[in-house]
Amino acid sequence: MKRILIPLLLLVMTEFLVAGVTGKIRGRVVDAQTGEPLPWVNVMLEGTSLGAATDANGVYVILNVPPGEYTLVASMMGYKKIRIENLRVKTDFTTVQNFRLEKTVLEFGEEVVVIGRKPEIQKDRTSTMVVVSADELRKLPVKELSEVVNLQAGVVNGHFRGGRTGEVAYLVNGISVNDPYNKEMALEIEKNAIQEIKVISGTFSAEYGQALSGVVNIVTKRGLENFRVHADLYSGDYVSNQDPPFTNIKNLSPFQIRNVELDVTGPIAFLKNSSFFVSARNYFNEGYLYGVEEFLPGDSSNFDDPNPDNWYIERSGSGKYIPMNYSWRNSFQGSFYFKITPRLSLDIDGNYGERRWKEYNHLFKYNPRGIPTKYQSNYQIGFTLTHSPSAKMFYTLRGTNYYTRYKSYVYSDPNSDKYVSPRLLRRLGYGFYTGGMDMSHFYRSSKISAFKFNLVSQPNTRNEVKCGFEMRRSNLWLEEFSLRLDRTTGWKPEKYPPESVYNNKYRHIPLEFGAWIEDKIELERLILSVGVRFDYFEPDGLVPKDLRDPDGSYKGEENPFRKASPKKQLSPRLGISYPITDKGAIHISYGHFFQIPRFEYLYYNSEFEVQGGGLNTIMGNADLKPEKTVIYQLGLQQMIGNGLILDVTGYYKDIRNLVGTQIYELYVLGDMYARYENRDYGNVRGIAVTLTRKAIGWFSGSIDYTYQIAEGNASDPRATFYDRQSDPPRESEIQVVPLDWDQTHTLNVSVVFTQPSWVIGLVGKYGSGLPYTPEYQNQRTAFENSERKPSTFSVDLNAAYRIKLGKIEFQLYSQVKNLFDRANALQVFPDTGRPDYSLIPTYVPEQPIHSLRDFLTRPDYYYPPREVIIGLEVML
């Protein structure tokens, strides 16, 4: 490791790096009459200390500009001052603004010319990305980050351009906050704390690693110079007539959904050149999936006798409706900014969150107390030191620690006398549980320490040379076990012993390192971005030497394991933007992208225990190779009218080394297990068309359409394991088939109508049917994913009215999700392809305890019904 790190550190320390959370402004200043370049013109961002002077060629560059809207001022003695208002700066982009200064005879108080900034294409964009500002977020009918992400072209329920979940890098202020266990976002960032969201769904620069399909970079708000208070309160309910399939949905309660949010910003009174931003949120949603407390977990039943008249069924429940998919959460965020000197600043930020929720289980509909509650808590604290040695160079040093903990159980105390015998967990064939409970306990935590160093320099007007490095050490801990309660335990709950397959525990401390270098060459008619990234990974895990005797128990070996080998790879990246006119540009990009698989797959069942009696066990593999995607992309940006921009992009993805499962037989005849290995593959091809109408006047909007084909040999890494477990076992696919999230047609339409006192935002979403595998009586009747579910369609509404009383501004608003209360299918019965009808009653007799119709009414097969909230924002 040292032989690799030391040369790379030396390389990085002597090169020029980029931060990834700021943008750049550049342009040329000339004399309006002669066209000659003007040197020594002062170009400043009003209200900041950021600015530059033009060089001998009249060119200026302003680096390290936080995202947002600014007023840019160009001034020089003997010329009229020009102000450009509403100048938008985006993360990682260059905003080009040229000036033509007119001479003036006035010696003092020269005339000021105010010009409104018109929208234009982003000529240095070489890939597909969308940047959403805080102002745009307020106008859309969205409350969560995931809703914003899913509105982007090529994103289907968290799948970016046909990739699996967990293939997206989530960054906050330029540093990764993915939980390495499952590659999901480890922190909760609330909408009111976001300054800008950048969603990249195509190729991306060499700075971004450990991602195959996309990047979401969130820039949080920094404190303002003036004191501001903002409060957001809302409540609501699901307002629907869809009963069935939704139980208790017509029982309206105005506070079933409730939210209280407060953020405060302003200067720190006792420190000059400093500011703060703090926010807090409490949210509760009772959900829309209910059970009926007919049974309690301790109820016993006996229906072994062939004669139903002799059955014994105990019903001790209250008969009340019990929410089975509720969610609750608290979150706190804060940032503090200190400008130590004009060229040196320090940001300190922190985040804390906790949540509690349940996931609906249809089998427990009449025994809802038997399902586990899930808990998660997380915190993060970090700092960013930014220094600008000169007007053409700055560097950042960022460090962060974040922690997430997850647990799941019915009762927190494994020895609780509330636990009941697993024998009570009984049901008839197509029926519900009449007692019993989930006996499992699951705990895990991820603690990550990360460090990132960046620097950007503009050595000349054409080159922006970048590189950087980052290190991340993760500390993963997991413990999971089941409880047994029977005569052998004295009828008291007891953990299975450590050597059992029902008791697993591990701790691993892997190390990740990445370094990159990139040159952005900005010529008059061509922008070229060339980069390469190096990644290194130490897994900190063991693997069996003999895969037929994974724990060494058969041969009795003293040391049956070997250390997993380190992994390293190079990822070249290339992006080209060719402006064909001042209103159009062609962009081409190509790149290799690697990602270490979810650590869940590396360390699962780290004790290498195999349950006998056939195929019942899955085993992790700390020697998994990085998953790989090669992406090719070609697109066009074209302004086709006043504020109207068309973007067309075609793409192809070749996906290799995805995680799947391989079956191994033990030396003991008949015993087998599945092991995670790099054996799955796929490909994605498609075209995305976006038509955007920028905010000019009272109307803005966008239309995003994606045509896509996503194919592979398996959607689930465990597909081979499940195929061999089926009765009878079936052969896994050896050809590519549509993946579970292969949505051929995706259309998102958003429109915003704005007036000084009111705003209305509408979002329409259409998706063609996702694939499913047809079956009859649990036997496949055609190839995997050969049929399609019904298409989905929904409309969301946001309407707000503003009133200003003195210095206080009030905004009354309402948001409606699924405005037309459409019953959109999430899952379907495989014998009909519908969520509301199955052929099961044609060959299964009526059930004696609850009707077969009741069992086949599946509320979890549908997306949420109409949700209505009414809220009030107060801004001071």
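1. The model is predicted, so local features need pLDDT of at least 70 and side-chain atom pairs count only at pLDDT 80 or more, while totals for chains, interfaces and linings use all residues. Residues are numbered from 1 along each chain as its sequence is written, and side-chain values use heavy atoms, without hydrogens and water.

2. The whole structure holds 49 salt bridges (a side-chain nitrogen of Lys or Arg within 4 Å of a carboxyl oxygen of Asp or Glu). One of them pairs Lys24 with Glu522 at 2.8 Å, N to O. Lys24 is in strand 1 (residues 23-31) and Glu522 in strand 32 (residues 511-522), so the bridge ties together parts 498 residues apart in sequence. Lys24 is buried at 2% relative accessibility (buried means under 20% relative accessible area, exposed over 50%, partly exposed in between; 1.4 Å probe, protein chains only). Glu522 is buried too, at 6%.

3. Asp680 and Arg164 form a salt bridge, with the closest N and O atoms 2.8 Å apart. Asp680 lies in strand 41 (residues 672-696) and Arg164 in the loop between strand 12 (159-160) and strand 13 (168-172), so parts 516 residues apart in sequence are tied together. Asp680 is buried at 3%, and Arg164 is buried at 9%.

4. Trp758, Ile760, Tyr801, Ile803 and Leu805 make a nonpolar surface patch of about 450 Å². Strand 50 gives the most to this patch, with 3 residues. Leu805, found in strand 50, is exposed at 53% relative accessibility. Patch residues have over 30% relative accessible area and no salt bridge; like charges are joined within 9 Å, nonpolar side chains (Val, Leu, Ile, Met, Phe, Trp, Tyr) within 5 Å.

Note on methods: Accessible areas come from the Shrake-Rupley method with a 1.4 Å probe; for residues, only the protein chains shown count as cover. Helices (H or I, at least four residues) and strands (E, at least two) are DSSP runs, numbered from the N terminus.
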